[in-house]
Amino acid sequence: MNSTSRRNFISSTGLAAAGMAIMPKIPAGLDRIHDGKKLNVALVGLGRYAGILADGLQVSRYCRLAGVVTGHPAKAAAWKAKYGLSEKNIYNYENFDAVAGNPDIDLIYVVLPNALHKEFTVRAAKARKHVICEKPMAVSSRECLEMIEACSKAGVQLAIGYRLHYEPYNLEMRRLGQEKVFGTVRYVEAGLGYKTINFESSGAGKPFDINDPSEWRLNRRWSGGGALMNLGVYCLQASRYILGENPLSVTAQYGAVHDAERFAQVEEAIVWQARFPGGAMANCNSSYGYNIDGLHAIADNGFFELSPAISYGPFKGRTSHGDMHFPEVNQQAAQLDGIGKLILENKPLPDHISGKEGLADMCIMEAIYKAADTGSRVDVVYR
Ligand code: NDP
């Protein structure tokens, strides 16, 4: 089974905000990767999604799997054998900082539980390696700021793993919305929820099962939150990239809890409403209690929608003028290529896949949690 036909979770596209990031000064040594070779990537945390990314790296045009960072020697041995990795490109969490002296690793891809994203992004930056960090960027906006600061200080680029920014159906939703093809968009609805997930991957690790009480996503210390942080971030992204704006304020409600013991620390389900500067409203929901995967936009002269929209596809889309037809792509390879090509060319990453985007999402999610906790409308504070 290839990765495009696998079902698991999320990831998303991005904001349209036009501005380009200011190009960081490339430190001496990093410019050597512009020699026509592929970007050498090391994956940190060999869990389920790392296995999917490894598949994408096998078919990427601009990136290749060159190293791994893992807490388990048996996984290190298995990945070394499977991908022909060099022993000197294999690290554990303790000796990871030595990657600073390894010219054969250009980029660190952080695929750890959310609470470890900041630590390993900052350590990667100090080692003067470019970074891709998985979503959600971290567990607080304060952490996101530290990550941006560390990368900026080191002169390395920081991208967030928003894979749908490279997925044709979602790119079309963004185009239809931002170019006002059906007129001004007035309303966006987005939902992502998984009750059960048969998450297969070629990587090490057990299948994903939110019913497993040892799953770190159920532990606030490791996850930072529940369905919103894991799944809702895609709905939030979708509303932002369809409208090309950032919400001004939010209201929110926690959903029903069907298993109080399992969801003692994080929310099982959440629904929120966001008000955008142009007057549009978004109504979004995410849940571990039911299956949903859809995007719907209503504009003055028509509608456009996807369902499935956010998972790994195959996607289905239609507008008030008819069905959408786009090729299915390997989302991970497309994302790695989009980011890898720019880095190889010494070009700045666009804001909508950068740390700025992850920070904005975190500020909005903090406002959503505050709104759900207080029952009040909360203005989003962007840091
Ligand atoms: P997994 O639990 O499958 O893997 C996480 C890995 O992190 C583990 O296998 C382990 O690797 C390492 N790790 C280090 N410390 C811990 C710890 N305390 N508890 C658990 N694992 C630890 O998670 P996923 O791969 O599903 O998710 C990882 C990240 O990727 C998350 O941020 C998630 O949101 C994101 N993600 C993104 C997706 C997308 O489509 N963009 C899809 C799925 C996840 P090792 O044994 O090698 O040390």
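Residues are numbered from 1 along each chain as its sequence is written, and side-chain values use heavy atoms, with hydrogens and water left out. Because the model is predicted, local features need pLDDT of at least 70 and side-chain atom pairs count only at pLDDT 80 or more, while totals for chains, interfaces and linings use all residues.

## The parallel sheet

Helices (H or I, at least four residues) and strands (E, at least two) are DSSP runs, numbered from the N terminus. Two strands pair if DSSP finds at least two bridges between them. An open sheet of six strands runs in the order β3-β2-β1-β4-β5-β6, with parallel pairing. The edges are β3 (90–91) and β6 (158–160); each has a single partner strand, so one side of each is left without a neighbour in the sheet. Strands of a sheet pair through backbone hydrogen bonds, either parallel or antiparallel.

| Strand pair | Bridges | Residues opposite each other |
|---|---|---|
| β1 and β4 | four | Val41 and Leu107 |
| β5 and β6 | three | Val131 and Leu158 |

Helix α3 (residues 117–126) packs on the sheet, where it touches β1 (39–44), β4 (107–110), β5 and β6. Contact means heavy atoms within 4.5 Å. The direction of α3 makes about 165° with that of β5; axes are lines fitted to C-alpha atoms, for helices over the stretch in contact, and angles run from 0 to 180 degrees between N-to-C directions. Together, β4, α3 and β5 make a right-handed β-α-β unit. Right-handed here means that, with the strands pointing away from the viewer, the path from the first strand over the helix to the second runs clockwise.

## Burial around the sheet

Buried means under 20% relative accessible area, exposed over 50%, and partly exposed in between (1.4 Å probe, protein chains only). In a regular strand the side chains alternate between the two faces of the sheet. Both faces of β4 are covered: Leu107 and Tyr109 are buried on one side, and Ile108 and Val110 on the other. In strand β1, Leu39 is buried, with a relative accessible area of 0%. The C-alpha atom of Leu39 is separated by 6.4 Å from that of Gly340, a residue 301 places away along the chain.

Helix α1 (residues 48–59) is mostly covered, with 10 of its 12 residues buried. Among the buried residues are Tyr49, Ile52, Leu53 and Leu57, along with Arg48 and Asp55. The buried residues of α1 pack against β1, β2 (63–69), α2 (73–83), β4 and α8 (331–344).

## Nonpolar cores

A nonpolar core is a set of buried Ala, Val, Leu, Ile, Met, Phe, Trp, Tyr and Cys residues joined through side-chain atoms within 4.5 Å. The largest core has 86 residues, and those with the most contacts inside it are Ile108, Ile242, Val250, Trp272, Leu295 and Phe304. Helix α7 (residues 227–243) gives 12 residues, the largest share of this core. Domain 1 (3–163) and domain 2 (168–327 + 353–379) both contribute residues, so the core lies between them; the domain bounds come from an automatic or database domain assignment.

Leaving aside neighbours within four places in sequence, Trp272 has contacts that include Leu228, Cys235, Leu236, Ala282, Cys284 and Ile368. A second, separate core of 33 residues includes Ile90, Ile132, Ala159 and Leu349.

## Backbone exceptions

Most residues other than glycine have a negative phi, and most peptide bonds are trans. The peptide bond from Lys135 to Pro136 is cis, with omega near -15°. Pro136 belongs to the loop between β5 and α4 (141–154). Another cis bond joins Ser307 and Pro308, with omega about -5°, and Pro308 is in the loop between β12 (302–306) and β13 (317–319).

Arg128 has a positive phi, near 60°. Arg128 sits in the loop between α3 and β5 and, at 38% relative accessibility, counts as partly exposed. Lys180 also has a positive phi, near 55°. Lys180 is placed in the loop between α5 (168–178) and β7 (185–193) and is partly exposed, with a relative accessible area of 48%.
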